[in-house]
Number of protein chains: 2
Amino acid sequence: MSVLRGIRKIEIALFLLCAALPCSGQQLNLMPWPAHIARQQGSLALNGTPRILLTGGDERVHHALKRFIRQLAVQTGTPFDRSFGKPPQGPLFAVQCAGPGLKVQALGEDESYHLSVSQTGIKLTAPNPLGILHGLQTLLQLVQAGPNGWIIPDVQIDDAPRFPWRGLMIDVSRHFMPLSALERNIDGMAAVKLNVLHLHLSDDEGFRVQSKKCPRLTEFASDGLYYTQAQIRQLIAYARDRGIRIVPEFDVPGHAVSWLVAYPKLSSGPAPATLVRSEHDTLRPPLDPTNPETYKIINKVFGEMEKLFPDAYFHIGGDEVDAKYWNNDPKVQAWMHAHNIANAHALQTYFTLRVQKIVAKHGKHMEGWDEILDSKLPKDSLIQSWRGADSLANSARLGYKTVLSAGYYLDLMHSAAYHYAVDPLGGPSATLTPTEQANIIGGEACQWTEYVTPEILDNRLWPRLGAIAERLWSPASVTDVNSMYRRLTVLNRNLQWLGLQQNISTRTMLGRIAGDDMPLPLLVTLAQAVEPVKDYNRETTQVYDVEQPLNQLVDAIPPESNTAREVNALARRALLDPSARPELRKWFTRWSNNDAQIEPYMSKSFLRVRLIPLSQQLAALGDLGLAALNNIQADRPISPEKKQKELDMLKAIEAPHAEMFIVVTPSVRSLLEAEPVTSSTTAQ
Amino acid sequence: MSVLRGIRKIEIALFLLCAALPCSGQQLNLMPWPAHIARQQGSLALNGTPRILLTGGDERVHHALKRFIRQLAVQTGTPFDRSFGKPPQGPLFAVQCAGPGLKVQALGEDESYHLSVSQTGIKLTAPNPLGILHGLQTLLQLVQAGPNGWIIPDVQIDDAPRFPWRGLMIDVSRHFMPLSALERNIDGMAAVKLNVLHLHLSDDEGFRVQSKKCPRLTEFASDGLYYTQAQIRQLIAYARDRGIRIVPEFDVPGHAVSWLVAYPKLSSGPAPATLVRSEHDTLRPPLDPTNPETYKIINKVFGEMEKLFPDAYFHIGGDEVDAKYWNNDPKVQAWMHAHNIANAHALQTYFTLRVQKIVAKHGKHMEGWDEILDSKLPKDSLIQSWRGADSLANSARLGYKTVLSAGYYLDLMHSAAYHYAVDPLGGPSATLTPTEQANIIGGEACQWTEYVTPEILDNRLWPRLGAIAERLWSPASVTDVNSMYRRLTVLNRNLQWLGLQQNISTRTMLGRIAGDDMPLPLLVTLAQAVEPVKDYNRETTQVYDVEQPLNQLVDAIPPESNTAREVNALARRALLDPSARPELRKWFTRWSNNDAQIEPYMSKSFLRVRLIPLSQQLAALGDLGLAALNNIQADRPISPEKKQKELDMLKAIEAPHAEMFIVVTPSVRSLLEAEPVTSSTTAQ
């Protein structure tokens with residue numbers, strides 16, 4: 001205790017010292033971090049509604065300023081959005097936008113802005129409305145509570161994105177996402193300066209946009225869950241207002257069972273009778289590229305959709321075509337022979353080139369997953385690299401524009417730090433010439449929704465998406481992981497002011513599992529120590545099935561445990577600094593005790609019964625940790641055999657259960673590895 | 001530790017014992033508790049979407065069944081609301097409604113229902129759609145997670161309300177509440193079977209409904225914050241669908257500055273130039289009851305509003321008329337003299353009777369606050385008692401129907417237990433004859449909004465409103481406070497599935513105060529130990545002002561601290577049971593240590609600086625508690641002087657700061673009072 005008090009005194013002393021230096025003041029928690037920022041001493045008092053002086057821009061700037069004031073009010077809990085019959089009384093806020101933007105937001109429009117905050121007021125300038133939109137988000141992130149009221153620190157910011165394509169893909173086919181879920185996530189995307197929402201609108205599980213020309217698509221292949229064309233227009237307007245393009249994807253020729261349910265004649269071989277509901281539904285033929293009807297229907301649907309979606313890019317999917325259906329279909333084989341097409345890849349390229357012509361007829365560029373890559377494609381095609389960074393480099397080398405998604409799959413449950421380390425110009429792309437590198441125009445996070453319902457969506461996107469957004473916006477040199485996590489934590493909380501539900505949904509879903517009887521803190525102790533299994537490992541124990549409820553602990557918890565990160569770091573610190581050990585001991589003790597307390601409740605509910613082994617493992621981990629801590633503390637050596645046994649136990653503790661695994665094991669591993677070993681065996 | 005382990009074993013043993021008895025199974029957490037309930041052994045497996053067989057009812061039953069399935073899906077995280085192309089596979093659910101209800105829901109319509117759940121399915125019958133609506137809410141509250149899936153315990157419920165008028169009043173004049181806030185709270189009201197939403201639509205701060213006949217009312221007296229007539233119709237339909245009547249109130253002749261801003265000529269004496277913004281705006285004359293124009297305008301507005309609001313009751317306010325304006329106005333005085341009207345009360349009665357004729361012209365009953373009570377009123381008038389239970393009894397005695405609000409003012413920050421103890425037929429009403437008692441038709445919780453923004457509203461209503469709802473629905477014998485709190489806790493969590501925000505808003509508002517720098521747990525420790533000051537005490541240190549932000553700790557915290565209730569009970573238990581003392585010591589230690597940890601952050605933000613004395617007091621309380629615990633533990637007597645000093649310190653600790661006060665003091669008071677005293681002074 002006296003040690004802790006000592007530390008606290010040092011901390012206080014450091015704090016006072018720092019407070020006296022000009023460098024100090026509140027920390028800035030901007031995310032993404034700007035290209036250039038200079039922090040000046042002092043800050044502007046936000047003592048009333050900003051007096052906005054606007055020149056230039058277009059309707060988006062007007063809307064954005066209204067939203068800015070509204071958001072300022074929400075975030076501060078202060079009625080900046082109300083006039084009370086008086087003109088605004090706050091600081092001057094000059095907003096100068098050189099001109100209007102394009103009617104349809106385009107790739108590569110200038111997104112830069114300059115923001116200065118000083119005693120005389122705020123000034124935000126940009127060549128294009130997009131820069132104004134981004135600058136307003138930065139400004140909202142600068143607002144802080146000072147000793148006497150809300151303040152904005154004095155800064156000079158010159159900012160522009162590193163990449164012009166900064167996207168998020170959401171799969172709305174496997175689990176349909178209502179418009180409200182997309183809209184609030186568009187608000188979140190705008191907050192971190194993302195600019196492309198790619199909607200995966202059709203797949204084996206459903207076709208999700210009303211087609212007036214081919215109404216069978218939603219009538220027979222949507223379960224009634226689709227967007228009307230009016231809703232799509234509303235969504236596009238909503239996104240445009242926030243500086244975000246909507247890129248639609250209709251996946252062909254694979255992942256197209258929904259097309260086949262509506263139009264069985266387009267199938268390669270027998271068509272499935274119903275939509276895919278589960279991993280067990282294995283009949284998933286691609287479209288028949290040898291059937292002229294296929295192109296007629298695609299022409300009708302794509303023609304209609306290319307009008308509905310104004311963006312210059314149109315995504316045709318093209319991924320994961322299962323060649324066996326073509327190889328086993330005598331009709332297809334005969335046609336390939338007759339047309340001198342050697343194999344399935346060549347057949348897909350034939351198909352892609354025909355579809356590309358349809359896409360191009362409406363003045364659009366074709367986009368597709370990296371399977372479509374072929375040097376025969378027109379050079380305005382865009383390749384989305386998902387199978388690995390190699391396809392990104394290959395596309396760039398072949399002269400195609402390309403965006404990186406490999407490494408940005410949010411559904412694979414990796415940490416923010418994992419995604420943060422993935423740089424579109426890193427890996428194989430680092431060896432490209434500057435001209436080739438210029439073809440790499442950005443990246444796109446992907447959220448596939450096999451295991452994601454609307455209730456879970458925000459939790460699977462945020463806050464990790466903020467780290468990817470920073471990678472795509474900020475200079476390549478911005479790589480400090482600790483700083484990233486600190487700012488990500490602040491972002492995560494501030495996103496709540498936009499109505500994003502990642503934190504709320506975890507809490508309410510934990511409450512559902514705890515039910516009326518179980519004390520929530522016991523469940524929280526377990527929940528904070530585990531993460532969902534990574535990559536595609538969930539499939540190995542829980543077959544994907546759209547009818548299956550997603551209400552288990554694995555669905556409730558965030559993909560990344562903050563507790564694990566903190567405790568694992570605490571353990572590393574505790575090895576060098578004994579004063580950190582009491583805190584570590586508390587954690588071990590809590591884990592050790594939790595299982596006995598939780599046990600009586602576990603078998604009473606089917607939502608809890610599968611957690612029993614996890615809880616037992618956590619207790620065992622706590623015991624291991626306590627023993628190791630005691631040995632280290634007492635400098636009491638153990639035999640190498642004993643150490644090996646402990647390490648084996650630790651390995652067993654790491655085994656997954658209920659699609660989760662314990663992620664606080666590194667805290668104990670650090671100690672085990674540092675445990676002193678008896679000298680009799682050091683000679684080995 | 002071994003003591004704790006011992007207790008845990010006993011608990012587990014008790015649990016196993018209980019599990020073997022037929023009485024056991026999961027606890028039922030219904031709120032309000034039904035009139036008659038019989039729990040049978042066993043439960044029904046909710047293994048799919050219920051197969052509904054509906055007979056009778058009206059469109060409300062259809063809508064309610066759709067909402068029921070949707071809500072079942074939300075609450076369980078299970079897609080009961082999706083068909084996947086198949087008919088429902090779950091248990092049979094027979095819904096039989098004898099007939100349609102009235103086109104306009106009326107006071108006294110039969111709200112009873114019978115619900116039975118057994119192995120063969122669910123059966124819900126009711127004479128009227130209202131009973132079906134209530135029964136569905138009960139059914140939702142019965143659903144639980146069993147060992148193998150969702151279950152509904154076998155029960156027989158015969159239920160009907162004790163009182164036909166079970167209301168909530170929301171003041172939307174002082175702080176305007178958007179439609180969405182009202183709608184989600186209507187969902188909450190329906191969940192606890194309340195049936196009247198009374199909207200206080202005009203006051204000195206604004207007139208909140210569009211009047212087409214007198215558009216000046218919103219043009220000049222609403223700050224642009226009002227409901228359009230289309231929105232009102234939408235709200236009424238929304239409420240009707242959920243078994244809730246909307247009773248509008250337009251407050252006259254006092255609380256009518258908004259009328260005077262629009263029509264200055266109606267003022268008694270000089271009219272205010274602007275709406276009331278703050279307690280400092282003291283010019284608040286009532287309407288001039290001697291001016292014929294007054295009745296012309298009232299006739300126009302009330303005529304229009306009585307058509308807009310279909311309910312049979314129309315509330316004219318009538319409260320808190322400040323007589324000085326009439327007494328000091330020579331014109332009014334001359335008129336009173338000429339018309340032989342003795343005093344201000346008589347003048348108000350003259351006014352009320354004229355207004356009643358206007359109300360009655362449209363076939364409505366007049367309702368008013370208890371100041372309007374006068375034996376000259378027609379017997380169909382309804383009196384809302386707010387100044388005390390006496391006026392309730394008086395009204396009933398005079399033959400007027402009456403509802404109780406005294407004791408149900410949620411804005412006064414009392415506990416759920418406080419409100420729960422207030423019975424409309426208790427106090428002076430207990431002495432009435434049965435015929436007189438029959439005039440007491442229920443009660444209404446009131447939420448005045450001087451200190452309530454939309455962000456705060458849910459937190460100020462819930463969960464306490466559940467306790468009042470139970471008092472008004474359940475038999476008078478249902479009074480177990482512990483059971484109430486247990487079920488209220490479950491209700492509070494389940495309300496989240498309806499989108500109610502009482503828990504979320506507390507967390508986000510605490511996050512705003514903690515800012516980017518302060519560890520939230522430190523703030524939570526303080527927040528859980530305090531409550532807002534009660535009754536009208538906030539006004540004494542913070543003048544009400546509509547322009548003032550409501551973003552302080554007092555605004556964030558719930559009106560009632562669960563922690564305080566638990567710790568105070570723990571301390572009482574610890575006196576008798578030493579095994580409860582380690583847990584109590586943990587609390588005292590946490591309070592004692594919190595201030596030093598929190599201190600460096602406090603003065604950095606204006607949202608925290610006023611909390612410094614509270615935090616210091618909490619530390620002092622922790623120290624007092626630790627000292628007393630040590631003395632009790634060691635059976636070490638202290639001198640009476642020392643004890644008196646400690647009690648004086650405790651009293652000082654109870655002093656409010658920043659509109660809050662520490663409410664965990666009883667935990668220490670219990671110990672101080674039990675501390676052994678030196679024998680030298682026991683002789684005194």
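A helix here is a DSSP run of H or I that is at least four residues long, and helices are numbered from the N terminus. Keep in mind as we go that this is a predicted model.

With that in hand, find helix α12 of chain B, which covers residues 389-397. Now turn to the helix itself. Its buried residues are B:Ala389, B:Ser391, B:Leu392, B:Ala393, B:Ser395 and B:Ala396. These buried residues pack against four elements of chain B: the strands β14 (382-385), β15 (401-404) and β16 (440-447), together with the helix α14 (434-437).

Chain A holds 26 helices and 18 strands. Its radius of gyration is 28 Å, close to the 26 Å that the globule rule gives for 684 residues, so chain A is as compact as a globular protein of that length. Along the principal axes, the C-alpha atoms of chain A fill a box of roughly 85 × 70 × 55 Å. Of the 684 residues in chain A, 51% are buried. If you take the contacts in chain A between residues at least 6 apart in sequence, 75% of them join residues at least 24 apart.

Chain A can also be viewed by domain. The domain assignment gives domain 1 (2-159), domain 2 (197-242 + 250-380) and domain 3 (505-681). Between the C-alpha centres of domain 1 and domain 2 of chain A there are 45 Å. Where these two domains of chain A touch, seven residues of domain 1 are in contact with six residues of domain 2. On the domain 1 side, the residues divide into four nonpolar, two polar and one charged.

Next, look inside for the nonpolar cores. The largest has 182 residues, and A:Val530, A:Ile662 and B:Ile132 touch the most other members. Helix α24 of chain A (residues 612-634) supplies the largest share of this core, seven residues. Apart from it lies another core, of 181 residues, with A:Val301, A:Ala393, B:Val530 and B:Phe661 among them. To see what surrounds B:Ile132, leave aside its neighbours within four places in sequence: its contacts are then B:Gly57, B:Val61, B:Ala64, B:Val95, B:Cys97, B:Tyr113, B:Leu124 and B:Ala126.

How do the two chains relate to each other? The same surface serves both copies, as 100% of the contact residues of chain B recur in chain A.

Finally, visit the place where the chains meet. The contact takes 46 residues from chain B and 47 residues from chain A. On the chain B side, the elements that give two or more residues are α1 (2-20), β6 (144-145), α17 (481-494), α18 (502-514) and α23 (581-602). Of these, α18(B) gives the most, with five residues. The residues on this side of chain B divide into 16 nonpolar, 19 polar and 11 charged.

Technical notes:
Residues are numbered from 1 along each chain as its sequence is written. Chains are lettered from A and ligands numbered from 1 in the order in which they are written. This is a predicted model: local features need pLDDT of at least 70, side-chain atom pairs count only at pLDDT 80 or more; totals for chains, interfaces and linings use all residues. A nonpolar core is a set of buried Ala, Val, Leu, Ile, Met, Phe, Trp, Tyr and Cys residues joined through C-beta atoms within 7 Å. A residue is buried if 20 or more other C-beta atoms lie within 10 Å of its own, exposed if 12 or fewer, and partly exposed in between; C-beta atoms are placed from the backbone. Ala, Val, Leu, Ile, Met, Phe, Trp, Tyr, Cys and Pro count as nonpolar, Asp, Glu, Lys and Arg as charged, and the others, Gly among them, as polar. The radius of gyration is taken over C-alpha atoms; the globule rule is 2.2 Å times the number of residues to the power 0.38. Domain bounds come from an automatic or database domain assignment.
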